2 protein chains.
Amino acid sequence: MKKYIAENKERFFEELFSILRIPSISAKSEHKPDMKKCANRIVELLMEAGADEAGVYPTAGNPVVYGEKIIDPKAKTVLIYGHYDVQPPEPLEKWKTDPFEPVIHHNAIWCRGANDDKGQLFMHIKAFEFLVKTGQLKHNVKFLFEGEEEIGSGSLPAWVKENKKLLKADVILVSDTTMISEKVPSINCGMRGLAYLEVEVTGPNKDLHSGHYGGAVANPINVLCDMISSLIDEKGRVTVKGFYDDVVELSKKDRAQLARAPFDLDEYKKGLDIKEVKGEVGYTTLERTGIRPCLDVCGIWGGYTGQGAKTVIPSTAHAKISMRLVPNQKSKKITKLFKEHFLSIAPKYVKVKVTPCEGGNGFLIPITSHAFQAASRAMKEVYGIEPVPSRGGGSIAVLAEMQTILGIDPLLMGFGLERDTIHSPNESYLLKQFFAGMESIALFYKYY
Amino acid sequence: MKKYIAENKERFFEELFSILRIPSISAKSEHKPDMKKCANRIVELLMEAGADEAGVYPTAGNPVVYGEKIIDPKAKTVLIYGHYDVQPPEPLEKWKTDPFEPVIHHNAIWCRGANDDKGQLFMHIKAFEFLVKTGQLKHNVKFLFEGEEEIGSGSLPAWVKENKKLLKADVILVSDTTMISEKVPSINCGMRGLAYLEVEVTGPNKDLHSGHYGGAVANPINVLCDMISSLIDEKGRVTVKGFYDDVVELSKKDRAQLARAPFDLDEYKKGLDIKEVKGEVGYTTLERTGIRPCLDVCGIWGGYTGQGAKTVIPSTAHAKISMRLVPNQKSKKITKLFKEHFLSIAPKYVKVKVTPCEGGNGFLIPITSHAFQAASRAMKEVYGIEPVPSRGGGSIAVLAEMQTILGIDPLLMGFGLERDTIHSPNESYLLKQFFAGMESIALFYKYY
């Protein structure tokens, strides 16, 4: 595949850029037309790459792209999953380039979606194209790309249920995760789940002058801070009642296995420019993101946030709260527990509203499977090192559901790196990883 | 004056509206031209009302309006203070009418600045005009209107120092406060001071994916909430070290005197739609806003605050924090104590920055003075009830400084009501109060 890449590189960039330029931000309703535009363009790319057929399928939310090439009904079938929606680019002022105008610079592609997940799903289209054009394809291949991954994949499960037969396959192959580092290839064998909620604290029925009322009326921002502060205890544990009930505690042996992954805490701190890490007492940094659940405020707002000094007690304050879950925690149960807990700690002098936003369960992947072994062999050939099984801290909520509905295990061959700063300003994707990913995927087909 | 008001009402509205329409928002630098425009228009109004001279004077910040009419160098001189700048109108979506297009509706004027302080300073211009036009003026009158009261009056003290002779007077008369209620006229005999700061908490050097890092890296929003939460203890007391050191504790007798002011807690709670009030243990609601200091978060922001769910650990989180001070607390000292305290409680895993924004000391006014007695008599004649001496919770920072520089006591004849929601959306000013204010001011001259 190396040679094919060298010969077609410029065309690959042009094609990828044509989808990167479309601001398919699923979190914002004004981008609805962009979702469709992006889906249509991917259908064109699939057809050009050699799919028998491909199309845009409506759902209750953003459309799904489905395409396939069936070689032989008896051959093994690989179902590729990816998503063409992206995170909002904010804060815009921190981008060094236009978030939706891709550029190649310092051996990387810079653009929102360059890695997550347009860049990674594109590798699959090109590996497939290579196999088709060179007559090496010996599997049936099905492509399923959704437009709501970044907002919780609300519509996909229903579509998957309705199209169970169409999606019949032997493995769900996904590139939407990161490797431990450029020099330490890894394959994810588990992902965390997610429960994401928005909370609103209301005090007085209108904004008040902080001089006339300050000291006598509960300030909803102060109350929200008190409530948030109480959600994590001194040991770094989430205080939501029942939060840890279903968490699977790993055996010493399993923890030792995970600890094999190389990790340099000093490098980690240096990279983030922090003096200390912080997390649940008794666990390492990799364990804290891999096998332990957590709670983070992803956004907070209330009162006057403009220039200068406005002296006001606002009527309301808001926060967006995310909890990352581990296998066996169920997103729906945790969402319910959080809501109950948060309402129960609300003091009398405010009103509190809790609105669930999105969620999904975590999952584990058996590393002994044929697919996992084929992926491992492929990556070893490309990187020269056997990949380490790792646990991803992020969530692809819908994969746990697809695993249940279709009865097929996912396989996570991700080629992102931490340096890519997905979900943040200046997202990028290293060209080396982009090309090594295509090669690894092509070899996966060879060994699977 | 009643008759004069009846005959000139429509012109009064037109004149007041001409300054209300100018968005003289001192907190926002883009409104610089509006400050000058508003100052110029007030000069016109002063000249038309009968001033000998009036002009716009530059300062390091927004210009000052000064005008005067000298009847007799030996006569008593009244120095009127007011401010033509207004609070930002945000949140805009909560306004029922355009914040800068005044309307008369339900017997009130609705507009940003209708009360605070354009409406109130305008009463002084019209009371003065009445006395001039009817040949009743027997005092020298000086007008001093600034354009930075809402942002801490940064430039006025220097201007006052430079123009000490020009500003020589016997009393500083101010209408920039509220009365207890429509039926309970009151005169403020003290105001709280202010210390206002902005804080910034920085965690990692960039926004992070909350899945990849959540649980392992300190989230600056969570840390900010912890820090804010620790600023007020369970008894409702501010925990900043040394915060209460200079607070004057009132005697039982003084507290009993203040407790004479009629106050209905149930009405108060009903008006704000809250089930419980909250404040420092051991003090009543009126005491909490009148004689006790407090701390409020006036604004907070960090992370993703848009539509939908973005899973991010932001790099920074911010808050604006206001402390209302009572006599003898010094704003500069409290600002310093707060900064030291806030930096001292910052955990190792974040960086914290504290920026002072504005401040001023509180002050007390002797209720035995001739000016206070004249005001009391005037208001009794208009309202039919003797006004109650009260303590204002708000701050007019610059008055304490002017009191010191000029050696003149201020007198606070305020005609606002709590219902006017100054600093909030839908600011209004009751016509009844607007006219009763003019009458009271005209009578003040009579009895002073």
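In the predicted model, 84 residues of chain A are in contact with 84 residues of chain B. On the side of chain A that touches chain B, the elements contributing two or more residues are the helices α5 (210–213), α6 (220–229) and α9 (285–290), together with the strands β10 (208–209), β11 (294–303), β12 (312–313), β13 (316–325) and β14 (351–360) of chain A. The most is given by β11(A), with 9 residues. By residue class, this side of chain A divides into 31 nonpolar, 33 polar and 20 charged residues. The strand β11(A) also pairs across the two chains, being joined by 5 bridges to β11 (residues 294–303) of chain B, and the two strands run antiparallel. Within β11(B), the residue that stands opposite A:G303 is B:G299.

Nonpolar side chains in soluble globular proteins tend to be buried together. In this model the largest nonpolar core has 270 residues, and those with the most contacts inside it are A:L411 and B:L411. When residues up to four places away in sequence are not counted, A:L411 touches A:V171, A:I172, A:L173 and A:V174, and also A:I365, A:A371, A:F372 and A:A375.

Helix α3 of chain A, which covers residues 118–133, has 16 residues and reaches 22 Å from its first C-alpha to its last, close to the 22 Å expected at 1.5 Å a residue. This helix, α3(A), is mostly covered, with 14 of its 16 residues buried. After α3(A) comes A:G135, for which phi is positive, near 65°.

In chain A, 3 strands form an open sheet with antiparallel pairing, in the order β4-β5-β18. Helix α13 (residues 431–447) of chain A lies across β5 and β18 of chain A and runs at about 65° to β18(A).

In chain B, 3 strands likewise form an open sheet, in the order β4-β5-β18 and with antiparallel pairing. Its edge strands are β4 (103–105) and β18 (428–430) of chain B, each of which pairs on one side only, and the twist from one strand to the next averages 25°. Between β5 (residues 108–110) of chain B and β18(B) there are 3 bridges in the antiparallel sense, and B:A108 has B:L430 as its bridge partner in β18(B).

Most residues other than glycine have a negative phi, and most peptide bonds are trans. In chain B, the peptide bond from B:D116 to B:D117 is cis, with omega near 0°, and B:D117 lies in the loop between β5 and α3 (118–133) of that chain.

A positive phi, near 60°, is found for A:N426, a residue other than glycine, in the loop between β17 (410–412) and β18 of chain A. Because A:N426 has 19 C-beta neighbours inside 10 Å, this residue counts as partly exposed. For B:N426, phi is likewise positive and near 60°, and B:N426 is placed in the loop between β17 (410–412) and β18 of chain B.

Conventions
Residues numbered from 1 in each chain as written. Chains lettered and ligands numbered in written order. Predicted model: local features only at pLDDT ≥ 70, side-chain atom pairs only at ≥ 80, totals over all residues. Contact = placed C-beta atoms within 7 Å. Helix = DSSP H or I, 4+ residues; strand = E, 2+ residues; numbered from the N terminus. Nonpolar A, V, L, I, M, F, W, Y, C, P; charged D, E, K, R; others polar. Pairing = 2+ DSSP bridges. Expected span 1.5 Å × (residues − 1). Buried ≥ 20, exposed ≤ 12 C-beta atoms within 10 Å, placed from the backbone. Core = buried A, V, L, I, M, F, W, Y, C linked by C-beta atoms within 7 Å. Axes fitted to C-alpha atoms, helices over the stretch in contact; angles between N-to-C directions.
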